[in-house]
Amino acid sequence: MEAAGAVVVVTGAGVSAESGVPTFRGAGGLWRSFRAEDLATPGAFGRDPRLVWEWYDWRRQGLATARPNAAHDALARLERAHAGSFLLVTQNVDGLHAAAGSRKLVEVHGSIWQVRCTACGRERYERAVPLATLPPTCPACGGLERPGVVWFGEALPAVALEAAFGAARACELMLVVGTSAVVYPIAYLPRVARENGARVIEVNPEETPLTPLADESIRGRAAEVLPSLLGF
Ligand code: APR
């Protein structure tokens, strides 16, 4: 891949597929067996916080043994080796990019390892698997805690959004890896980059709504394509 100035990488669930993490909409995807509206919305949590937490606890248990794969590693190396500005924008809440050593990283949908008190707003990192109590309560005020992720119908954190869109407007190269490109506002990022003159490269075993817009769309799995594409 020829050197570029400012680089932005956007990733989705597909980048973690080869770490054994189910995607959402692909074969065996979470939304094939679970209804998002019953588990990943503020309304669902209001109706039955225990049911929602049982699901997130189950997902955490699955993720606890997951390890970064060659795609995560290649992107962490690219960040370290790249002289120009670099930002990795991930929709994933699994923490695998950070575990691979990525630091110039924005987890726009939050992290499954974070919890937030619905009463006092206190956030904390919680790695216990399984959780000691369901639903967990705030050690400071005893309030009900919720998963530190962004649910359907919720706004993304303003700071994360501004960082992602600011970088997309200024980048010369955007890599889009392992996302179905159907969830907004993140699915706008490649369009913003393109409109500002950047080159967009997609990596996905399947076509997506982004494919016709991308300068190059590489059919393949992230852990196989990225090491050779990036030279790491
Ligand atoms: N390498 C690269 N891409 C892959 C791989 C792989 N090994 N395996 C699957 N994919 C691709 C699929 O073809 C699909 O296009 O990854 C994409 C995964 O799409 P989704 O399951 O829709 O996940 P994502 O795009 O991350 O979803 C966006 O939606 O459900 C919400 O908040 C959740 O962050 C998530 C958001």
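Select helix H5 first: its buried residues pack against strand E1 (7–11), strand E2 (86–90), helix H6 (96–99), strand E7 (173–177) and helix H9 (222–230). Helices (H or I, at least four residues) and strands (E, at least two) are DSSP runs numbered from the N terminus. The buried set in H5 consists of Ala 71, His 72, Ala 74, Leu 75, Ala 76, Leu 78 and Glu 79. Buried means under 20% relative accessible area, exposed over 50%, and partly exposed in between (1.4 Å probe, protein chains only).

The model is predicted, with local features needing pLDDT of at least 70 and side-chain atom pairs pLDDT 80 or more, while totals for chains, interfaces and linings use all residues. Residues are numbered from 1 along each chain as its sequence is written, and side-chain values use heavy atoms, without hydrogens or water.

**Aromatic rings**

Next, display the Phe, Tyr and Trp side chains; across the whole structure there are four aromatic pairs (ring centres within 6.5 Å, taking the six-membered ring of Trp; planes under 30 degrees apart are stacked, over 60 edge-to-face, the rest tilted). Centre the view on Phe 45 and Trp 151, a tilted pair with 5.3 Å from centre to centre and 40 degrees between the planes. Phe 45 belongs to helix H3 (residues 42–47) and Trp 151 to the loop between strand E6 (145–149) and helix H7 (158–170), so the pair ties together parts that lie 106 residues apart in sequence. Both Phe 45 and Trp 151 are buried.

Move to Tyr 184 and Tyr 188, where the ring centres are 4.6 Å apart and the planes stand at 65 degrees, so this pair is edge-to-face. Tyr 184 is partly exposed at 41% relative accessibility, and Tyr 188 is partly exposed at 44%.

A charge over a ring requires NZ of Lys or CZ of Arg within 6 Å of the ring centre and within 35 degrees of the ring normal. Arg 127 lies over the face of Trp 113, 3.8 Å from the ring centre.

**Cysteines**

Select the cysteines: the count of disulfides (sulfur atoms within 2.5 Å) is zero. The closest cysteine sulfur to that of Cys 117 belongs to Cys 141, 3.5 Å away, which is too far for a bond. Cys 117 is buried, with a relative accessible area of 3%. Cys 171 is buried too, also with a relative accessible area of 3%.

**The loop between E7 and H8**

Go to Gly 178, in the loop between E7 and helix H8 (189–195). Gly 178 is buried at 14% relative accessible area. Beyond its neighbours within four places in sequence, Gly 178 is in contact (heavy atoms within 4.5 Å) with Gly 12, Ala 13, Gly 14, Val 15, Val 203 and Asn 204.

Ala 181 is in the loop between E7 and H8. Its phi is positive, about 55 degrees, although Ala 181 is not a glycine. Ala 181 counts as buried, at 10% relative accessibility.

Continue to Pro 185, which also lies in the loop between E7 and H8. The peptide bond joining Tyr 184 and Pro 185 is cis, with omega about 10 degrees.

**Last stop**

Finish at Pro 135, in the loop between strand E5 (123–125) and E6. The peptide bond from Leu 134 to Pro 135 is cis, and omega is near -10 degrees. For scale, draw the distance between the C-alpha atoms of Pro 136 and Gly 178: these residues are 42 apart along the chain, and the separation is 32 Å.
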